[in-house]
Amino acid sequence: MTGRTAAWYRHFGTVDAPGSSPCYAEWSLGIAEDPPLIARIDLWPNDKRQPILLFAAARFLGAVPGPFVEFRRFLATHWEEVSRVVLSRATQTNEAGRCATLLPSLAAIAAAEGRPLALLEVGASAGLALYPDRYRYEYDDGTTVTRLSPVSDGGTPAAAPILTCATSGLVPLPAALPPVVWRAGIDLNPLDVDNPDDVAWLEALVWPEQEFRRERLRQAAAIARQDPPLLVAGDLNERLLEVAARAPAEATLVVFHSAVMGYVSAEGRLAFRQAMARLSASRGCHWLSNEGQMVIDQEDGSTVVPEVDPQLILGRFLLTHNGTPVAITGPHGQSLDWL
């Protein structure tokens, strides 16, 4: 497994991290060229070897962003503690910024259906992506900046985060935010914004140079504390239909996920697609998937969306609506390129 793990870190250091975190790019490439450290990582289960999980665990324990040689020294001194955190935690990045890439689709669904939305996120973490109607937005197409804000009802804090997003193509930006009347999430281990350890873990998952993401995480958590969503612990395939049945009948149900299916087996992804087909037939719903290339390319060599050039998605996500590709998105909501 050593070669595969080293390739994973090398890919993260050359494709995913550059441009977003020079620190993580350096750490990843340093680990990729460090066989003893790779051998240690290979002792963990496969789903615990990802770079972001290791980096977050170390930073959760006090590792300071800086040169790889210093990070390597921290790992050597604290390996047992880092292993404990890695094995007990998961990469539950709860990036509110992704709402900027989901919002145009959500607004279009609400407008077409003529009803408010009921949102169900699988892989919800602390549920911070369940509040697209409570955040502020700035969409910049290079010429014009379009700003959207929630209608004040006394329930939205003045410090609602501003989600900035660079756009290209004919993005169907709405004139107003869509109404949301129900919010629910499924996660193997839901995080609690009232739990200091859970919030500290979410902050450790934010990349080092992106203090703005850490600040909007805190602002989004404050909104969630005011109006907590329904968060259900369990496997997404086992709980999907049950939780979806709780959505109010007068609302349009939208099931969505971002950066989740990469942690689900190929069989699990197939089961989820089949469950979504049953849900659509029985209840009627919309499905938004915002996932990276590793989810689109299947283990048998096939691809879920053969009409999209894989090179377009390197280091980014593909947004699909009911299986149809609609946009290429930045993994943290920073860009939206409409197809």
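Trp44 touches Arg49, Leu54, Trp79, Val82, Ser83, Val86 and Leu87, leaving aside residues up to four places away in sequence. The model is predicted. One cavity of 30 Å³ or more is counted in it, along with 20 salt bridges.

- Trp44 sits in the loop between α3 (35–41) and α4 (51–60).
- Trp44 is buried, because its relative accessible area is 5% and buried means under 20%.
- Ser83 is one of the residues that Trp44 touches.
- The side chains of Trp44 and Ser83 are joined by a polar contact of 3.3 Å.
- Along the chain, Trp44 and Ser83 are 39 residues apart. Their C-alpha atoms are separated by 8.2 Å.

- Side chains of opposite charge can pair when their charged atoms come close.
- The count of salt bridges comes to 20. Among them is the pair Arg89 and Asp198, at 3.2 Å from N to O.
- Arg89 lies in the loop between α5 (68–88) and α6 (99–113), and Asp198 lies in helix α7 (residues 196–204), so this pair ties together parts that are 109 residues apart in sequence.
- Arg89 is buried, with a relative accessible area of 14%. Asp198 is buried too, at 11%.
- Arg183 and Asp133 form another salt bridge, and their closest N and O atoms are 2.7 Å apart.
- This pair also links distant parts of the chain: Arg183 is in strand β5 (residues 180–187), while Asp133 is in the loop between β1 (117–122) and β2 (136–140), 50 residues apart.
- Arg183 has a relative accessible area of 9%, so it counts as buried. Asp133 counts as buried at 12% relative accessibility.

- Glu203 is found in helix α7.
- Glu203 forms a salt bridge with Arg218, with the closest N and O atoms 3.0 Å apart.
- The pair links helix α7, which holds Glu203, to helix α8, which holds Arg218, and the two residues are 15 residues apart.
- The side chains of Glu203 and Arg218 are also joined by a polar contact of 3.0 Å.
- Is Arg218 buried or partly exposed? Arg218 is partly exposed, because its relative accessible area is 36%, and that class covers values between the 20% and 50% limits.
- Leaving aside residues up to four places away in sequence, Glu203 touches Arg214, Leu217 and Arg218.
- Salt bridges link Glu203, Glu211, Arg214, Glu215 and Arg218 in a network.

**The largest cavity**

- One cavity of 30 Å³ or more is counted. The largest cavity has a volume of about 80 Å³.
- Which residues line the largest cavity? The lining is made of Thr93, Asn94, Glu95, Ala96, Leu128, Leu202, Leu205, Val206, Arg213, Arg216, Leu217 and Ala220.
- By class, the lining divides into seven nonpolar, two polar and three charged residues.
- Helix α8 (residues 211–226) gives the most to this lining, with four residues.

- Ser125 has a phi near 55°, a positive value in a residue other than glycine.
- Ser125 is placed in the loop between β1 and β2.
- Ser125 counts as buried because its relative accessibility is 1%.
- Asn322 has a positive phi of about 55°, although it is not a glycine.
- Asn322 is found in the loop between β9 (317–321) and β10 (324–329).
- How exposed is Asn322, and what is its relative accessible area? Asn322 is partly exposed, with a relative accessible area of 43%.

Methods. Residues numbered from 1 in each chain as written. Predicted model: local features only at pLDDT ≥ 70, side-chain atom pairs only at ≥ 80, totals over all residues. Heavy atoms only, no water. 1 Å grid on protein atoms, 1.4 Å probe; cavity = no way out; pocket = protein on both sides within 12 Å on 5 of 7 lines; lining within 4 Å. Points joined across faces, edges and corners; volume = space filled by probe spheres on them. Nonpolar A, V, L, I, M, F, W, Y, C, P; charged D, E, K, R; others polar. Buried < 20%, exposed > 50% of the residue type's maximum accessible area, 1.4 Å probe, protein only. Contact = heavy atoms within 4.5 Å. Polar contact = N/O pair within 3.5 Å; in protein donor to acceptor, adjacent residues only side chain to side chain. Salt bridge = Lys/Arg side-chain N within 4 Å of Asp/Glu carboxyl O.
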